[in-house]
Amino acid sequence: MPPDYSGVVLPERPKLKFMEKVPAVPKVRREPRRLRDIRGPSQEATELTQGQYGILALGGGYLHWGHFEMIRLTIARCMDPKTMFAVWRVPAPGKAVTKKSLGHRMGGGKGPIDHYVTAVKSGRLVVEVGGRCEFEEVEPFLAQVARKLPFPAVPVSRRSLQQMRQEEEERRLNNQNPWTFERVVAANMLGMRKYLSPRDLELKGRYWGKHFLRHRV
């Protein structure tokens, strides 16, 4: 039975829009480097809304302007604008990253702004692709983009994303190992509570810095 594309509506501009290298109104204050910007699970852009396929981040990291251009040009080169469309699920670079010049002496305060980045957490969709197409058509170039990102990422469809979350929930419910993170921490074995932060307790040991530990239950 052929797929039904009756509910698919192509937007007026099917290609990804150009992202500015510098925000239109840059912040006056130079921000510190916060690990919490890329640590833990994402609370936004976790579901496919406009397209049927996308790229899912499996870890945290920063996207700079070069990554946005790589994504935009690769998808525009490989997709058919007559039957496909793509939309961003991450904002333009807005977090300032400072850098001191080579050979600069220590001290003297925070260095000047070098470039801007976008913080991405694990479980967030980076880009969506949709239209009158099958997953087998878009998976090759989505995988090509995912391999070049600065964090682990995979191409997903609505079905594979739902299946991935079902398998994770089944693994949690059918876990045969009695020594889970919650039990070990509750018993304070080997005095480990002294070495864990409140953020570790909140995330239940499934995130180590910007990395998402998928094998942990």
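Predicted model: local features only at pLDDT ≥ 70, side-chain atom pairs only at ≥ 80, totals over all residues.

Colleague: Where is K95 found?

Modeller: In strand β4, which covers residues 95-98.

Colleague: And what does the side chain of K95 reach?

Modeller: The backbone oxygen of P32, at 3.1 Å. The K95 side chain also has a polar contact with the side chain of D37, at 3.3 Å.

Colleague: Which residues are linked with K95 in a network of salt bridges?

Modeller: E31, R34 and D37. Together with K95 they make up the network.

Colleague: How many salt bridges does the count come to?

Modeller: The count is 13. As background, oppositely charged side chains can pair when their charged atoms come close.

Colleague: Which residue meets R39 in a salt bridge?

Modeller: D200, with N to O at 2.5 Å. The pair ties together distant parts of the chain. R39 sits in the segment before β1, D200 in helix α5 (residues 198-203), and they are 161 residues apart.

Colleague: Is R39 buried or exposed?

Modeller: Buried, because its relative accessible area is 13%. D200 is at 17%, so D200 is buried as well.

Colleague: Next one. What does R206 form a salt bridge with?

Modeller: With E168; the closest N and O atoms are 2.8 Å apart. This pair also links distant parts of the chain.

Colleague: What about E182? Which residue does E182 form a salt bridge with?

Modeller: K204, at 4.0 Å between the closest N and O atoms. That distance still counts, because the rule takes a side-chain nitrogen within 4 Å of a carboxyl oxygen. E182 belongs to helix α4 (residues 181-186) and K204 to the loop between α5 and β8, 22 residues apart. E182 is partly exposed at 38%, and K204 is partly exposed at 45%.

Colleague: Switching to backbone. What is the phi of K204?

Modeller: Positive, about 60°, although K204 is not a glycine. In general, most residues other than glycine have a negative phi.

Colleague: And A45, what is phi there?

Modeller: Near 55°, again a positive value in a residue other than glycine. A45 lies in the segment before β1. The relative accessible area of A45 is 13%, so A45 is buried.

Colleague: Now the surface. Which residues gather in the patch of negative charge?

Modeller: D80, E134, E136, E137 and E139. Of these, E136 lies in helix α2, residues 135-147. E136 is exposed, with a relative accessible area of 59%.

Colleague: And the nonpolar surface patch, which residues make that?

Modeller: W179, M189 and L190. The patch is about 380 Å². W179 is placed in the loop between α3 and α4, and at 48% relative accessibility W179 counts as partly exposed.

Colleague: Back to the segment before β1. Is R29 buried or exposed?

Modeller: Exposed, because its relative accessible area is 58%. R29 is found in that segment. The C-alpha atoms of R29 and A96 are separated by 9.2 Å, with the two residues 67 apart along the chain.

Colleague: Last topic, the overall picture. How many helices and strands are there?

Modeller: There are 5 helices and 9 strands. The order from the N terminus is β-β-α-β-β-β-β-α-β-α-α-α-β-β.

Colleague: What box do the C-alpha atoms fill?

Modeller: Roughly 60 × 55 × 25 Å, along the principal axes.

Colleague: And what share of the residues is buried?

Modeller: Buried residues make up 39% of the 217. K95, at 9%, is one of the buried ones.

How values were computed. Residues numbered from 1 in each chain as written. Heavy atoms only, no water. Patch = residues over 30% accessible without salt bridge, like charges linked within 9 Å, V, L, I, M, F, W, Y side chains within 5 Å. Areas by Shrake-Rupley, 256 points an atom, 1.4 Å probe, with all protein chains shown as cover. Lys, Arg positive; Asp, Glu negative; His and termini not counted. Charge placed at Lys NZ, Arg CZ, Asp CG, Glu CD. Helix = DSSP H or I, 4+ residues; strand = E, 2+ residues; numbered from the N terminus. Buried < 20%, exposed > 50% of the residue type's maximum accessible area, 1.4 Å probe, protein only. Polar contact = N/O pair within 3.5 Å; in protein donor to acceptor, adjacent residues only side chain to side chain.
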